[in-house]
Amino acid sequence: MDPRDILLFIAAVTNLGFASAILFKNPKNPINIGYGLAVIATAAWTAGIAMFRIAGPAEGIAWARFYYLAAGFIATYFLYFGLHFPDRAAIPRVAPWQHALLHLPLAITAYLVFSPSFIASYEVVEAGKRIVLGPAYWFYVLFWISYMAAAFLVMRSRFRAASAQARLQLKFVLAGTLVAAIGGSIFNLFLPLFGNYDLIWVGPYPTLVMVITIGYAIFKHRILDIRIISTEIFSSALLAIFLLQFLRASSLPEFFLQGAILAASTFLFILLIRAMNREVRSREEISVLADHLAAANAELKRLDEAKSEFISIASHQLRAPLTVIKGYVSMFLEGTLGQISTLAQESMKKVAISAEQLIHLVADLLDLSRIEAGRMKYDFGRMVPGALVGEVVAELDATAKAKGIGLRFENRAPGAAVKADAGKIREVVMNLVDNAVKYTSAGEVGVTLDIHDSGGSRRIRIEVRDTGIGIRREDLNRMFTKFARTEEARRLRPDGLGLGLYVVKKIIEDHGGTVSVSSPGLGRGSTFAVELPIVP
Ligand code: ADP
């Protein structure tokens, strides 16, 4: 076969693959339908010209009619595409009569190509086959040129108003198709008009420019998925081969066999493309979802920061008035402001306890906001914790007594020192002993301080044991997380926030120590232990 014809077939197959990719991408969108059909018609026209050239003398005229008609389809569907592109809603729904009007010149062409006024005569000369055109051909030229020009003008007029993305698509589609249309009209429309029929094989090549230009846009700007395009070009090539085999079948059994192969491969081709499209679509959806998630995450972070800031500001504002309340209440209780009745004293004691609770809570909130902002500051120094633990126990003694529970402290490591922030360690011990007293209704709370050797390093261990509500095994792990509270604790003390242990863990870890909890189960008490490295 003449290499020019081989190239024509390659162009046809490439166009076909490209067209089916566009069509399958969204077969309901008029833009895809218009452009897909126009490119399929281009493939048919290209193949028609090749067939015209290689067919026997008797069949030449049939192929000429075929490709003229195919070119008519190109113009018709390109205009249909242009009317909708780039925004499918560019024109309101096309009414059936408008559809009919759009196809009218095509219908007339279908009639004319069979009349001698279009193809006046047909001859086979040395250079090849030649068609002598009649006056009706002028109608065809007018139809083709005006449809293509109308499509271009409509699209160009939309250029200014289009979005950046649509503009980019418009640029590529306009440039690529313009080259193809000019090439096609010079070699296949005008030259034959002036009797030159020898160069019609040149016309389809510029359509490859169109495919490459638009293909480039697709590569670069991901308008279509490249895997789909390559699969469809490959499958179109296979289908074209099966179609040729089918058309060339010379016996009835062969005809059926080739027909079956063609039908089966078409079916498989459609399944394959559908599956690929589905996958691409779900990948697109996933990437959209990922974008949403990222945005939601950023928003959450912003809200979290705002919340921390709010807590910080609010707790600073709460601290000052609370200190004032506490000061005046203790003045009342000490009698500095004159004697008050026993009843008033009782009430003042309650006020003092509530104020103390609030001060605790505000301290926890302030710590939380400092931890979250990464602004927790420590004033490290050498200290002996024994005295400090003793003070805390003494401070809570009255509360324990009021509840009728015992509170004992045993110091088995009187001289042991640690490097720590005394204020913060006090806060830790206060939290643990206060919890033990708070969550115990009967029995006793025991605090011990001793030395613990673990893995070659000597550590001081502060242990707080109680006979209180205990903790379920499954709850143990989460006790040191923010806002974690057990159901039993909530019932017994609805006023807690669940922040104390979180702060304890943070402080102890920042001291290079560990904190742990154990409990034999609900109602059977718990043991909290803090370990800190000993310094000489
Ligand atoms: P809060 O006491 O305000 O709830 P904490 O962070 O100090 O906050 O304690 C968190 C939770 O740990 C408590 O709500 C409770 O469920 C549990 N918990 C703490 N200490 C004890 C304890 N001694 N006995 C039983 N449960 C405790």
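Asn196 is partly exposed, with a relative accessible area of 27%, and its place in this predicted model is the loop that joins α6 to α7. Although Asn196 and Tyr216 are 20 residues apart along the chain, their C-alpha atoms are separated by 34 Å.

**The nonpolar cores**

The largest nonpolar core of the model holds 64 residues, and those with the most contacts inside it are Tyr35, Tyr67, Tyr68, Phe78, Phe118 and Tyr140. Two or more residues are given to this core by each of the elements α1 (3-25), α2 (30-54), α3 (60-84), α4 (96-112), β2 (128-133), α5 (136-159), α6 (164-193) and α7 (205-221). Among these contributors, α3 supplies the largest share, which amounts to 12 residues.

**Helix packing**

| Helix pair | Angle between axes | Axis distance |
|---|---|---|
| α1 and α2 | about 165 degrees | 8 Å |
| α2 and α3 | roughly 160 degrees | within 7 Å |
| α5 and α6 | about 165 degrees | 11 Å |

How are α2 and α3 oriented relative to each other? Their axes cross at roughly 160 degrees, and because angles over 145 degrees count as roughly antiparallel, α2 and α3 are roughly antiparallel to each other. The crossing in which α2 passes α3 is left-handed, and the residues of the contact of α2 with α3 divide into 24 nonpolar, five polar and no charged.

The pair α1 and α2 packs at an angle of about 165 degrees, and these two helices are therefore roughly antiparallel to each other as well. The crossing of α1 and α2 is left-handed, while the residues of their contact comprise 19 nonpolar, five polar and four charged.

For α5 and α6, an angle of about 165 degrees likewise makes the two helices roughly antiparallel to each other. Their crossing is left-handed, and by class the contact of α5 with α6 has 18 nonpolar, three polar and two charged residues.

**Residues of α3**

The C-alpha atoms of His84 and Ile31 are 53 residues apart along the chain, yet they are separated by 5.8 Å.

Tyr77 is also found in helix α3, and with a relative accessible area of 14% this residue is buried. Not counting residues up to four places away in sequence, Tyr77 touches Gly34, Leu37, Ala38 and His103. Between Tyr77 and Arg4, which are 73 residues apart in sequence, the distance in space is 27 Å, taken from C-alpha to C-alpha.

Which residues does Ser441 touch, when residues up to four places away in sequence are not counted? Ser441, which lies in the loop between α12 (422-438) and β6 (444-454), touches Lys403 and Ile405. The C-alpha atoms of Ser441 and Ala400, which are 41 residues apart along the chain, are separated by 9.5 Å.

Phe483 is placed in the loop between α13 (473-476) and α14 (487-492). The backbone of Phe483 has a positive phi of about 60 degrees, although this residue is not a glycine. Phe483 counts as partly exposed because its relative accessibility is 40%, a value that falls between the cut-offs of 20% for buried and 50% for exposed.

Note on methods. Residues are numbered from 1 along each chain as its sequence is written. This is a predicted model: local features need pLDDT of at least 70, side-chain atom pairs count only at pLDDT 80 or more; totals for chains, interfaces and linings use all residues. Side-chain values use heavy atoms; hydrogens and water are left out. A nonpolar core is a set of buried Ala, Val, Leu, Ile, Met, Phe, Trp, Tyr and Cys residues joined through side-chain atoms within 4.5 Å. Buried means under 20% relative accessible area, exposed over 50%, partly exposed in between (1.4 Å probe, protein chains only). Helices (H or I, at least four residues) and strands (E, at least two) are DSSP runs, numbered from the N terminus. Axes are lines fitted to C-alpha atoms, for helices over the stretch in contact, and angles run from 0 to 180 degrees between N-to-C directions. Angles under 35 degrees count as roughly parallel, over 145 as roughly antiparallel, 65 to 115 as roughly perpendicular and the rest as oblique. A crossing is left-handed if the near helix is turned anticlockwise from the far one by less than a right angle, and right-handed if clockwise. Ala, Val, Leu, Ile, Met, Phe, Trp, Tyr, Cys and Pro count as nonpolar, Asp, Glu, Lys and Arg as charged, and the others, Gly among them, as polar. Contact means heavy atoms within 4.5 Å.
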